[in-house]
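This briefing concerns a sheet, the helices packed on it, a pair of helices and a ligand shell. Please view the sequence and structure below before reading on.

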Amino acid sequence: MNKFEQLGLNESLLKAILDLGFENPSEVQEKAIPLLLEKDTDMVALAQTGTGKTAAFGFPLIQKIDADNRNTQALVLSPTRELCLQITNELKNYSKYEKGINVVAVYGGASITEQAREIKRGAQIIVATPGRMQDMINRGLVNIKNIDYCVLDEADEMLNMGFYEDIVSILSDTPEEKSTWLFSATMPAEVARIAKQFMAEPLEITVGTKNSGSATVSHEFYLVNARDRYEALKRLADANPDIFSVVFCRTKRDTQAVAEKLIEDGYSAAALHGDLSQAQRDGVMKSFRGRQIQMLVATDVAARGIDVDNVTHVVNYQLPDEVETYNHRSGRTGRAGKLGTSIVIVTKSELRKISAIERIIKQKFEEKTIPSGIEICEIQLLHLANKIKDTEVDHEIDNYLPAIGNIVRSLITVAEIFESCENAKPWRRKKKKTAKYLIAYLSALKVIKLFKIFCSLSIIIRKLTKII
Ligand code: AMP
């Protein structure tokens, strides 16, 4: 019996889980799923984003829905359109072997008539953003008066975004005897208020400690002069050639300006903020998810609900006003058990904020220094060399390999000559000083030459593979 079976999930869900490639339940799943399956209960689950909480409520929800009944039985509220679509997709994946379950996404910026039509066709589960949901209720396009389950996902985010009134109004439109499952990364007073007002003796589960940061994220800060902030960002990007990051700025203007400067300077970057149209934001997110963009420069509001796996770094180009916002930012990395780094570029006058954050997240920051030009050169060179070493050569370019091999052999000879020069014991020579200078000169030449050859080789191989 695998671990998911032990949680009490049925055959069709187990089959879908196999397709998803989940081997073991995450902590929040292990804690929440048996409780939610066992009885109809209210629940407050404190878990960071990226801990697998969608499945923690999604699996039991799918199992409990009556597929033969076309009425709306569950409502999932989520803070943003992106998260709403993501949850909808996940629920569809979970229920792919369960015949007759319909999941419909309801969010702003898309046709309300089309969404109403989809609901009319029979949607047992509606996943919605609060604003659009309220709108649909007001227009009588949806009936949630008989639902059995209501999930509030990222409740703290929804309240941060000012959805308190909408949430209260939507919940008031649902029956009292339903089960409410509230998921939140933190437990600020407003979330506790909602829980108190709308839930009856909820079971409480906690993954990690309340309001604390994720254990998979390490925190670093770099102290710089205010005028060097942008240069520091570039150095950090250079020092991490495989960076896949979200860079947070405080204002839309800064976000746009930083992204534009990065693009001008040859980095793979894009801006995400509220002044972009929905289509532009969707385009940026698509490129980011597809990894065509390495640095997504975003405002806090626009980046809410960004759940992209494998983000290696979160960069706080400027610190947020609220410490809790820092927690949300850093939660964009270190997801699904992977390790991540949250970097803060900070000036002397902002240093006290670091200690305030440390107290809340209950984790220490490591102070680091911006890497020097030489250190970056070394990192980039080694990265390039490794990239060439790891390049999988397509057999269709076999014909060109002897010629490439000749270049590489001559490179090795050059390198060996330099190597032997370096290893020669200068004190055995008469002209000790001259030999030392010569070695230094040759070493420099070696680095430049190796670098040039590496560059050309990587370009040639890339070109050949593309052409063929
Ligand atoms: P969530 O916190 O629900 O946004 O999940 C974060 C990521 O973890 C998503 O990409 C999920 O597909 C993935 N995930 C969720 N549960 C598991 C699991 N048990 N094993 C592996 N990956 C998982």
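Two residues are in contact if their C-beta atoms, placed from the backbone, lie within 7 Å. Helices (H or I, at least four residues) and strands (E, at least two) are DSSP runs, numbered from the N terminus. The model is predicted: local features need pLDDT of at least 70, side-chain atom pairs count only at pLDDT 80 or more, and totals for chains, interfaces and linings use all residues. Residue numbers start from 1 along each chain as its sequence is written.

**Sheet**
- Seven strands, in the order S10-S11-S9-S12-S13-S8-S14, form an open sheet with parallel pairing, where two strands pair if DSSP finds at least two bridges between them.
- Strand S10 (269-272) and strand S14 (365-368) are the edges, each pairing on one side only.
- On average, neighbouring strands of this sheet are turned by 25° against each other, direction ignored.
- Strand S8 (residues 217-223) and S14 run parallel and are joined by 4 bridges; Glu220 has Glu366 in S14 as its bridge partner.

**Helices on the sheet**
- Helix H16 (residues 351-361) lies across S8, strand S13 (340-346) and S14, and runs at about 150° to S13; axes are lines fitted to C-alpha atoms, for helices over the stretch in contact, and angles run from 0 to 180 degrees between N-to-C directions.
- Helix H12 (residues 252-264) packs on the sheet, where it touches strand S9 (245-248), S10 and strand S11 (295-298), and its direction makes about 165° with that of S10.
- Ala259 belongs to helix H12 and counts as buried because it has 24 C-beta neighbours inside 10 Å (buried: 20 or more other C-beta atoms within 10 Å; exposed: 12 or fewer; partly exposed: in between).
- Beyond its neighbours within four places in sequence, Ala259 is in contact with Ala269, Ala270, Ala271 and Val297.

**Helix pair**
- The axes of helix H11 (residues 229-239) and helix H17 (residues 373-390) cross at roughly 35° and come within 9 Å.
- Arg235, Asp238 and Ala239 in H11 meet Glu375, Ile376, Ile379 and Gln380 in H17.

**Ligand shell**
- Phe22, Gly52, Lys53, Thr54 and Ala336 come nearest among the 16 residues around the ligand, a residue being near if its C-beta atom, placed from the backbone, lies within 6 Å.
- Helix H4 (residues 53-64) supplies the largest share of this shell, 3 residues.
- Domain 1 (3-206) and domain 2 (217-368) each contribute at least three residues to the shell, with domain bounds taken from an automatic or database domain assignment.
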